[in-house]
Amino acid sequence: MSTRIIAFIGILAMFCELTATAQLGRRNKIYEIHGGIGAVNVFGDLGGAATKDNWGGLKDIQFSQTRPVLYLAGRTNINELFSGKLNLFAAMAAGEDAGSINDLRNYSYKAWMFELSGQIECNFFRSRACIGTLLSHRRGLRGSQLMMTRVYAFAGVGAVLSLPTLDTQGRPLVKGEYTKTTTAGVVIPYGLGVRSDIDQFWAVGFEIGRRFTTSDYLDGISTDWSKSDDTYYFTTLHAIYKMQFVGGRKRPSRRSSRW
């Protein structure tokens, strides 16, 4: 699994760099602050489908075990198609055996999760729209501005910390079951996102990403029968504030449609 992830990141980085190099031109440096809310779904040793036939994991997604996440990030453009972002997530995860293949075990858990990660984005689809707007020119002239909707793929690396509380319903652990109340590991996020400008200062975005980790204790338990480390999804809806610094002064990112 780790080999495929590393290969995916390498291919994505090379594709973005080659594409961006071919289209390099005059550009402005834009900085952004992202903030929003979303949902987290953890796939560990608890919960999941009622049978082994889980449709490739789709049946493991339980709405009742979806929990909220808060999201904060800083982003900047490297070139026209290549961007970098630093993410901070805080989530409250939960899960239970009830209704799953381990229904008779009947364990459950709650956990605080924190992720700090960096990611590289490659904008592979862009659509421009001309929007009439009242610009802040000295002469008060009306004009039009190109606003852009972009779809991008991303991949990165970071760290995850989980503080789980496992509830075994008063039953002792059986042989082959192990627990932890604190676990940390490397996380490798990848996924897709879309964003659209509102004006020269603001944009909105939506992002969904899967996370592979090096920990099998995000839900507080690991067993001898675990086939892989835990994974999870973050889905976020966020607002984006755009800034451009020219000559030491902040200006609206009026040329954001270029990248």
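In the predicted model, 73% of the contacts in the protein chain between residues at least 6 apart in sequence join residues at least 24 apart. The secondary structure of the protein chain consists of one helix and eleven strands.

Of the 259 residues in the protein chain, 43% are buried. The accessible surface of the protein chain amounts to about 13,900 Å², and carbon and sulfur atoms account for 62% of that area.

The largest nonpolar core comprises 19 residues. Within this core, the residues that touch the most other members are Val 42, Met 113, Tyr 232 and Phe 234. Two or more residues are contributed to the core by each of strand S1 (30-43), strand S2 (67-77), strand S3 (82-96), strand S4 (108-134) and strand S10 (231-246).

Strand pairing was examined for S7 and S8. Strand S7 (residues 183-197) and strand S8 (residues 202-213) run antiparallel and are joined by eleven bridges. Leu 192 has Ile 208 of S8 as its bridge partner. Four residues lie between S7 and S8, and the two strands form a hairpin.

Key:
Residues numbered from 1 in each chain as written. Predicted model: local features only at pLDDT ≥ 70, side-chain atom pairs only at ≥ 80, totals over all residues. Heavy atoms only, no water. Buried < 20%, exposed > 50% of the residue type's maximum accessible area, 1.4 Å probe, protein only. Contact = heavy atoms within 4.5 Å. Areas by Shrake-Rupley, 256 points an atom, 1.4 Å probe, with all protein chains shown as cover. Core = buried A, V, L, I, M, F, W, Y, C linked by side-chain atoms within 4.5 Å. Pairing = 2+ DSSP bridges.
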